[in-house]
Amino acid sequence: MEIKAAVVFETGGEFRIEQLELAEPNDDEVLVRVVSVGICHTDLGARDGHLPIPSPPSVFGHEGAGVVEKVGARVTKVKPGDHVVLAWDYCAACSSCKSGKELYCLDFFLHNFHGARTDGSTTLRKGDQVIHGCFFSQSSFADFALANERNVVKVRDDVPLEVLAPMGCGVMTGAGAVMNSLRPRPGASIAVFGVGNVGMSAVLAAVAVGCTTIIGVDIHPDRLEMARELGATHAIDASEVDPVEAILDITGGGAEFSLECVGNPQVLRQAVDVLPRLGICGLTGVVPPGTEVSLNMDLLMNGRTVKGILGGDAIPDLFIPRLIELYSQGRFPFDRLITYYPFDEINQAVVDMEEGRVVKPVLRL
Ligand SMILES: [Zn+2]
Ligand SMILES: [Zn+2]
């Protein structure tokens with residue numbers, strides 16, 4: 001079928017809206033009419049060639065939300081008309097997948113960054129030219145996307161789909177890091193380093209689970225202000241004060257939990273240095289492969305933990321409906337993070353995100 005998609009034709013280049021041909025769904029695939037799609041830093045990392053993906057032309061986009069248009073013969077999870085959020089794909093057969101940790105799938109790259117289906121067949125073309133698709137098994141910077149049954153999450157249909165797009169990656173990552181990985185008890189203290197989309201979702205989750213000291217750290221004053229509006233009890237501008245000293249001071253000895261959402265070795269060091277004994281630091285910030293960090297080994301020795309977290313350690317089919325329930329009760333107002341753009345303004349949305357003017361741009365199709 002004919003679709004409209006945002007194509008990157010060269011590494012680091014602009015997005016261009018083009019008419020493309022999309023393949024028919026295979027037996028285990030789902031065709032989704034995309035209603036909205038969030039833009040995430042991973043899309044830009046892919047555009048800039050920082051991921052192990054085939055060279056352009058490519059269609060990215062991995063925070064799609066929409067309506068099921070058509071399903072393959074063996075699909076039982078959803079039917080046409082169902083509202084869905086798209087997440088990541090996995091093999092369902094490796095040791096990680098078998099233990100319920102699909103994000104740590106040993107074949108994750110093949111299922112998400114291959115530019116084609118796992119059997120090598122391609123799904124997108126422009127005339128004779130093959131365009132790489134299947135990004136996170138969706139390539140949802142388009143009005144229609146082909147997903148696998150595994151990575152569509154059925155959601156209730158009384159919540160507007162345009163709100164739900166960021167659930168598939170950024171919001172789930174931040175909220176899940178708190179709710180699934182760190183699991184602070186009510187009354188606990190937590191410091192969130194970097195209050196962009198992931199960090200802000202972590203702040204919202206910390207409020208929802210009853211943390212009573214929630215410290216946001218950033219260098220953008222407007223983001224810090226928003227973090228306070230969303231429930232952070234303290235906001236620290238790391239461009240003005242030493243966040244480690246400030247946090248030790250606020251908490252009287254350390255934040256029981258910390259979360260690094262920046263992807264910077266110095267910031268990870270700070271996030272570990274603010275922990276008291278038995279404290280846990282979660283790491284969600286993405287860094288280039290091979291990045292090293294220096295830590296105080298003696299501090300770690302005293303019961304401190306550093307934990308890498310992908311996708312909020314979430315099982316999307318279970319976790320996304322729970323977050324939507326909290327949202328609909330007014331207890332997880334993640335829609336406050338969103339700025340909407342028409343699909344045609346994708347390049348403007350990217351610039352605004354890169355310059356820190358918006359937290360989570362969402363494109364309306
Ligand atoms: Zn697997
Ligand atoms: Zn993402």
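User: Where does Cys 134 lie?
Analyst: Cys 134 lies in the loop between β7 (129-131) and β8 (144-148). Strands here are DSSP runs of E with at least two residues, helices are runs of H or I with at least four, and both are numbered from the N terminus. This is a predicted model, in which local features need pLDDT of at least 70, side-chain atom pairs count only at pLDDT 80 or more, and totals for chains, interfaces and linings use all residues. Residues are numbered from 1 along each chain as its sequence is written, chains are lettered from A and ligands numbered from 1 in the order in which they are written, and side-chain values use heavy atoms, with hydrogens and water left out.

User: Is Cys 134 buried or exposed?
Analyst: Cys 134 has 11% relative accessibility, so it counts as buried. Buried means under 20% relative accessible area, exposed over 50%, partly exposed in between, with a 1.4 Å probe and protein chains only. Its phi is near 55°, a positive value in a residue other than glycine.

User: What about Leu 278, buried or exposed?
Analyst: Leu 278 is exposed, with a relative accessible area of 68%. It sits in the loop between α9 (265-273) and β14. Most residues other than glycine have a negative phi, and most peptide bonds are trans.

User: Where is there a cis peptide bond?
Analyst: Between Pro 56 and Pro 57, with omega about 10°. Pro 57 is in the loop between α1 and β4.

User: On to the metal. Which residues coordinate the zinc ion (ligand 2)?
Analyst: Cys 40 (SG), His 62 (NE2) and Cys 169 (SG), at 2.1 to 2.2 Å. Donors are N, O and S atoms within 2.8 Å of the metal (3.2 Å for Na, K and Ca); water is not among the atoms, so sites may look incomplete.

User: How are the donor residues spaced in sequence?
Analyst: The pattern is C-x21-H-x106-C. His 62 is in the loop between α1 (41-47) and β4 (64-71), and Cys 169 is in the loop between α4 (161-164) and α5, so the pair ties together parts that are 107 residues apart in sequence.

User: His 62, buried or exposed?
Analyst: Buried, because its relative accessibility is 2%. Cys 169 counts as buried too, at 14%.

User: Now α5. Where is the kink in it?
Analyst: The kink is centred on Gly 176 and is about 45°. The bend at a residue is the angle between axes fitted to the seven residues ending there and the seven starting there.

User: How many of the 13 residues of α5 are buried?
Analyst: Twelve, so α5 is largely enclosed by the rest of the structure. Among them are Gly 170, Met 172 and Leu 182.

User: What do the buried residues of α5 pack against?
Analyst: They pack against β10, α6 (197-208), β13, β14, β15 and α11 (316-328). Contact means heavy atoms within 4.5 Å. Just after α5, Arg 183 takes a positive phi of about 50°.

User: Last topic, the open sheet. What is the order of its six strands?
Analyst: β12-β11-β10-β13-β14-β15, with parallel pairing. Two strands pair if DSSP finds at least two bridges between them. The edge strands are β12 (234-237) and β15 (305-308), and each pairs on one side only.

User: Over how many bridges do β13 and β14 pair?
Analyst: Strand β13 (residues 257-260) and strand β14 (residues 280-283) pair over four bridges. Ser 258 has Cys 281 in β14 as its bridge partner.
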